[in-house]
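Visitor: I would like to learn how to read the features of a model like this one. Please take them in turn.

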Amino acid sequence: MAGAEDHESDRGGPINMWVADPGFRTDPKIVDAFNFAVSNGCTHYFPAPGFDEHVLEKALARYYQEEQGVQVDPMNEVCPTHGAQEALSLSIQVCARPGDEMVVPEPTYSALIEKLGVFGLRPVFVPLLEEEHWRLDVDAVKSALTKKTRMVYLCDPNNPTGTVCSRAELDALGELLKENRGVSLLLDECYSRVLFDGSSHHSILDDRALLGQVYVVSSFSKTYAMTGWRLGYVVTGKENAERIKRLSEEYNGGVSYAVRYAGAAALAQCSESVRAMVVELEGRRRVMLEALAQIKDVACDTPNAGFEVFPNFSAYSRDSVNLSSDLEKKAGVKTMPGAKYGPSGEGHIRLVFCAEEGPRIKEGVSRISGLLRAQTA
Ligand SMILES: Cc1ncc(COP(=O)(O)O)c(C=O)c1O
């Protein structure tokens, strides 16, 4: 994983500050584990003799125990899924019904907002404030609850802001859930291992009294540069987990065993390459922030996690969809409009620093700066 592929540079195409797909190779140890499983008969509905059907669930339970000091039951509380996308969809499907409300602190993960439309849930947005560094306000979440609230969604660490919840914020959220037993928390932790500046990620799972009320979703896509492998999971209480596994079985027959073996190898053997990737990303983040600081009237918080920055371009445009389109067409830089991440994202553009190496990041920001100068001249 440590070797960057830098395929966009090779193609000489537009600069990719758009899609949060890391330009790193999957660690060969993960590929080897997959090849070993396939070569030894894991090509059927069931694993080959000698292969453990629950290898991934056990590896995840070990990971939670060793890395987060959290006890989860691998057989009853862990559900492998086709990426976090499926994990989020299945959690919503087992928990909520069309017409229910989901409280969504935003800006937040754009695909989650799109999902709510598909499943007929009504989003109740709770603005996170830039002047508060986008921090979670649990009192504001509490004020947004109504009789129709079925779920609260939280992306921690947050995509696109890179904010990481503190222990106190998660504890306050846990208390709120205890006061509202009919409300569940959909907690998206896809970036929990891509942390900078010594930040720590805290788990809500250490309070087992909440387990039946939380759906913790995560993914191998970001941490292990495995976006194309489509591997994620949900950790939740036994009853919810049974329903999620049943739905997953009905939709797609579950995750392939060879991919499960690859995921187990990632957890057991790849901490070093994860560390190397995070160090590289921290450098790219610095390049991005230094370059953005050169643009007049553009403020940008320093993200403590994730693959992206979320600068404020409202001095130049309040229409982020239009600005993002101009950046692609006129400057050759692909970006995401802030409005996709919720109403409070308007005026911002999300720029990823995971896909391109430092010099291309510098070049991308310089092109953005050039276009803004030309438009205001
Ligand atoms: C916050 C967040 N959740 C979920 C996902 C989806 O991950 P996966 O590739 O595992 O479906 C992403 C990917 O961009 C993400 O940023």
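Guide: Start with the elements: helices (H or I, at least four residues) and strands (E, at least two) are DSSP runs, numbered from the N terminus. This is a predicted model, where local features need pLDDT of at least 70, side-chain atom pairs count only at pLDDT 80 or more, and totals for chains, interfaces and linings use all residues. Residues are numbered from 1 along each chain as its sequence is written.

Visitor: Which helix gives the most to the shell around the ligand?

Guide: Helix α4 (residues 83-95) does, with 3 residues. The ligand is surrounded by 13 residues, the closest being G83, A84, Q85, S219 and S221. By class the shell holds 5 nonpolar, 7 polar and 1 charged. Here Ala, Val, Leu, Ile, Met, Phe, Trp, Tyr, Cys and Pro are nonpolar, Asp, Glu, Lys and Arg are charged, and the others, Gly among them, are polar.

Visitor: How do I read a sheet?

Guide: Strands of a sheet pair through backbone hydrogen bonds, either parallel or antiparallel. Two strands count as paired if DSSP finds at least two bridges between them. This model has an open sheet of 7 strands in the order β2-β8-β7-β6-β5-β3-β4, with mixed pairing. Its edge strands, β2 (78-81) and β4 (122-127), each pair on one side only.

Visitor: In what sense do β2 and β8 pair, and over how many bridges?

Guide: β2 and strand β8 (residues 232-235) are antiparallel, over 4 bridges; V78 has V235 as its bridge partner in β8. For the parallel sense, take β5 and strand β6 (residues 184-188), with 5 bridges, where C155 stands opposite D188 in β6. Strand β3 (residues 101-106) also runs parallel to β5, joined by 3 bridges.

Visitor: How many residues of strand β5 are buried?

Guide: A residue is buried if 20 or more other C-beta atoms, placed from the backbone, lie within 10 Å of its own. In β5 (residues 149-155) 6 of the 7 residues are buried, so the strand is largely enclosed by the rest of the structure.

Visitor: And helix packing?

Guide: Two packed helices are described by the angle between their axes and the distance between the axes. Axes are lines fitted to C-alpha atoms, for helices over the stretch in contact, and angles run from 0 to 180 degrees between N-to-C directions. Helix α11 (residues 320-331) and helix α12 (residues 358-376) pack at about 105°, with axes 10 Å apart. That makes α11 roughly perpendicular to α12 (65 to 115 degrees).

Note on methods: Near = placed C-beta within 6 Å. Parallel < 35°, antiparallel > 145°, perpendicular 65-115°, else oblique. Buried ≥ 20, exposed ≤ 12 C-beta atoms within 10 Å, placed from the backbone.
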